[in-house]
Structure formats: C-alpha cells, structure tokens
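Reader: I am new to this structure. Please take me through one part of it closely, the surface around the DNA, and begin with the metal site.

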Amino acid sequence: MIKQFLEINGEKVEVSNLDKIFWAKEGILKAHLMKYYVDISPYLLPHLKDRPLTLHPYPDGIDGPSFFMKNCPEHAPPWLETCLYLSEDGETINFCLANDLKSLVWLVNQACIEFHPWFSRVDKPDCPDFAIFDLDPFPPATFDDTIEITQLIKRVLDEFELKSFIKTSGATGLHIYVPIGRKFTYEDTRNFAMRVSYIIHRVYPEKVCMEWDVEKRKGIRIDYTQNVKGKTLASPYSLRPLEGAPVSTPLPGRN
DNA sequence: GTCACGA
DNA sequence: TCGTGACAACGCCGT
DNA sequence: ACGGCG
Ligand SMILES: [Mn+2]
Ligand SMILES: [Mn+2]
C-alpha cells in the first residue's frame, strides 16, 4: 500500500482512503471532504482556535457507524494540541484542539465530518465568548417560521444593542451567536438566553415552543440549554453528516 | 480510523 | 493472524 | 429523587 501525504508548510500529514465514498447518493468521496476543509480552513480555523472539540468520526461515511470522540486518542501525533479538562467529579478528558491546518487535516483524515467546538476557550473555560440560541423547527413549523422567529430574537438583541451573528445549522434550523466578551459565566449566558426566549414565547405562544419533552414539541423550539460548559453546536463552516452534505453557513448581516 | 486485546 | 470492542458521558431540565 | 435532553 502506497502511503499518501498532504504537505502543509513543508510538513507532511498522512492521509488515507481518499477514494472511499462518504456520501453515496451524492457521490462525494473522502477526497472531496478533505478538499472542502483545506479550502475552507482560512475561514474555519479562526472559529476553532483554542476551543476544546467534541468530534464525531464516521470512518465509513455517513451511512456507516459513527462514534463520539472527546478524549484525544493515544495514537494522535505529538504535535496535535490538546487541552486537559477536569470535570467536577474528578474525571479527566484530554480534548483535541484544531489550532492549525495540519491538525485539521489529521482530524478530517480520522473521518471527522463535523466539528463541535466549545463556546469558551482553553485559557478561560468558564467564560464563553458567546451566548447562543439554537432554533429547531418541529411540525408544523417551516424553515420560514424559523427565519421569522430568528429575526424577532435579533430585533430584541438589537434593542439591547447586542451584535448577533446568524447561521444555518446545516440540519433544519438556525443558530444565533451573541458575542459577550468573556465577562460572564455559562450560567449567566444560559439565563440571558432563557429570558429572551421566554419573551419571544410570550409574543408568539402559538409559534414558539419551550417544551422539554421532544414528543410534545410543536413549532419553533428555542433551545437555550446549550449554554453550558462542554455543550456545543456544529461550528460555522462545519459539514454535516446528512443528505446533501450541508454546511453550517454564516449568513450576512444587513451591514 | 486506529489500536488493544484475546482466540 | 484475524475478529471484535472501544472510542461520551455530563450537566442541566422539568417535575 | 428521577428520567429526559443534547
Ligand atoms: Mn437543538
Ligand atoms: Mn439545532
């Protein structure tokens, strides 16, 4: 077997099985996955820098088995940066970081299709950079409904003079990121997102759903509960292991 | 995708 | 030498 | 305290 390498700034990273089919219906190969991430890396890497990652490899493509990967595997190359995390009950997790293109290429070669970074960074893990809103449509809501509710939330944030950034999740919904300058805790951002969510729910009780039970959800669910250390969303520019190979796509603002 | 392990 | 299992729990929600 | 959620 001839080994293949990508050369990045003069350093070689081994890549394998580039002709393996990752999206069968679309005819998308592992090579295409790799090319996408190399091409998008100037835009993606800034969003991943210094953020612990929850990874989700699909070694045989999106129709095959997958697993979650929090701990960096022993066989990772020594140059791959990691971050040791001590959980409350004494468990330790050594998270992978994707701080440069070499690291990104190595992780993609591990068949990581999507990247789920923390909202906080390693040097201040208890203080997220953002409060986030995760909007998920449930029947009978449409994507247009999701847009409408997202715009309503944005209007409230504008009223507070808070800048916000909107992106598609790549699945069915939208994400709103509100930069808050690492001045607050996750408990703070969660309470903030919760209170804004309930304001919106009060305006549109029919359309907006705050139900915890998945079975009972109808309309647009505004999920504020992701504002917790260790919870994540698919990052901007992350591919999703779904039909059509969708990408979580940042949307332009009005100015 | 890769490794540790046991048959 | 080959087949198989492991690779993620955890921190919060709502009652 | 519990099971549910992502
Ligand atoms: Mn969600
Ligand atoms: Mn979502």
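Author: A metal donor here is an N, O or S atom within 2.8 Å of the metal (3.2 Å for Na, K and Ca); water is not among the atoms, so sites may look incomplete. This is a predicted model: local features need pLDDT of at least 70, side-chain atom pairs count only at pLDDT 80 or more, and totals for chains, interfaces and linings use all residues. Residues are numbered from 1 along each chain as its sequence is written, chains are lettered from A and ligands numbered from 1 in the order in which they are written, and side-chain values use heavy atoms, with hydrogens and water left out.

Asp-134 (OD) and Asp-136 (OD) coordinate the manganese ion (ligand 1), at 2.2 to 2.3 Å. The manganese ion (ligand 2) lies 3.5 Å from the manganese ion (ligand 1). Asp-134 coordinates both. Asp-134 counts as buried because its relative accessibility is 8%; buried means under 20% relative accessible area, exposed over 50%, partly exposed in between (1.4 Å probe, protein chains only).

A residue is near a strand if one of its heavy atoms lies within 4 Å of it. Residues around DNA strand B include Ser-16, Pro-59, Phe-67 and His-75. Sugar and phosphate make up 65% of the atoms of DNA strand B that come within 4 Å of the protein.
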